[in-house]
Amino acid sequence: MSDNSENNGYWEANIRLVTICLIIWAVVSFGFGILLRPMLSGIAVGGTDLGFWFAQQGSIIVFLALIFFYAWRMNKLDREHGVDEQ
């Protein structure tokens with residue numbers, strides 16, 4: 001019974017992490033790049049407006065940062081639950 005509850009805890013933490021990462025990526029790519037672009041058009045970044053920057057480069061940079069964060073956090077979570085690679 002204890003093994004099953006430990007597995008459930010691991011997968012709940014895993015799914016929670018995936019959900020948070022997907023929400024962040026959706027807010028940055030869809031929210032900042034599409035929905036909030038008119039509000040961000042007055043802020044200049046690198047010769048263009050901030051909304052365009054998020055649509056073209058910002059969402060990709062955030063996606064790459066989320067990949068590295070996810071890998072780091074999953075390694076830590078694996079060690080906490082004893083399923084890490086030796």
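Which residue just after helix 3 takes a positive phi? Select Gly-82: its phi is about 75°. Keep in mind as you click around that this is a predicted model.

Now go to the other end of helix 3, which runs 50-81. Pick Asp-49, the residue that caps the helix's N-terminal end. One of its side-chain oxygens sits 3.3 Å from the backbone nitrogen of Gly-51.

Next, slide along to Gln-57. Helix 3 has a kink of about 50° centred there. While you're on this helix, colour its buried residues, among them Leu-50, Phe-54, Gly-58, Leu-66 and Asp-78.

Select Val-18, Leu-22, Trp-25, Ile-60, Phe-63, Leu-64, Ile-67 and Phe-68, and show the surface: together they make a nonpolar patch of about 740 Å². Helix 1 (2-35) and helix 3 each give two or more residues to the patch, with the largest share, five residues, coming from helix 3. For a hint about the spacing of such residues, remember that an α-helix has 3.6 residues a turn, so residues three or four places apart point the same way.

Trp-25 belongs to helix 1, and it counts as partly exposed because its relative accessibility is 33%, between the 20% and 50% cut-offs. Ile-67 is in helix 3; at 40% relative accessibility, this residue is partly exposed too.

Methods
Residues are numbered from 1 along each chain as its sequence is written. This is a predicted model: local features need pLDDT of at least 70, side-chain atom pairs count only at pLDDT 80 or more; totals for chains, interfaces and linings use all residues. Side-chain values use heavy atoms; hydrogens and water are left out. Patches are made of residues with over 30% relative accessible area and no salt bridge: like charges are joined within 9 Å, nonpolar side chains (Val, Leu, Ile, Met, Phe, Trp, Tyr) within 5 Å. Accessible areas come from the Shrake-Rupley method with a 1.4 Å probe; for residues, only the protein chains shown count as cover. A salt bridge is a side-chain nitrogen of Lys or Arg within 4 Å of a carboxyl oxygen of Asp or Glu. Helices (H or I, at least four residues) and strands (E, at least two) are DSSP runs, numbered from the N terminus. Buried means under 20% relative accessible area, exposed over 50%, partly exposed in between (1.4 Å probe, protein chains only). The bend at a residue is the angle between axes fitted to the seven residues ending there and the seven starting there. A polar contact is a pair of N or O atoms within 3.5 Å; within protein, one must be able to donate a hydrogen and the other to accept it, and residues adjacent in sequence count only if both atoms are side-chain atoms.
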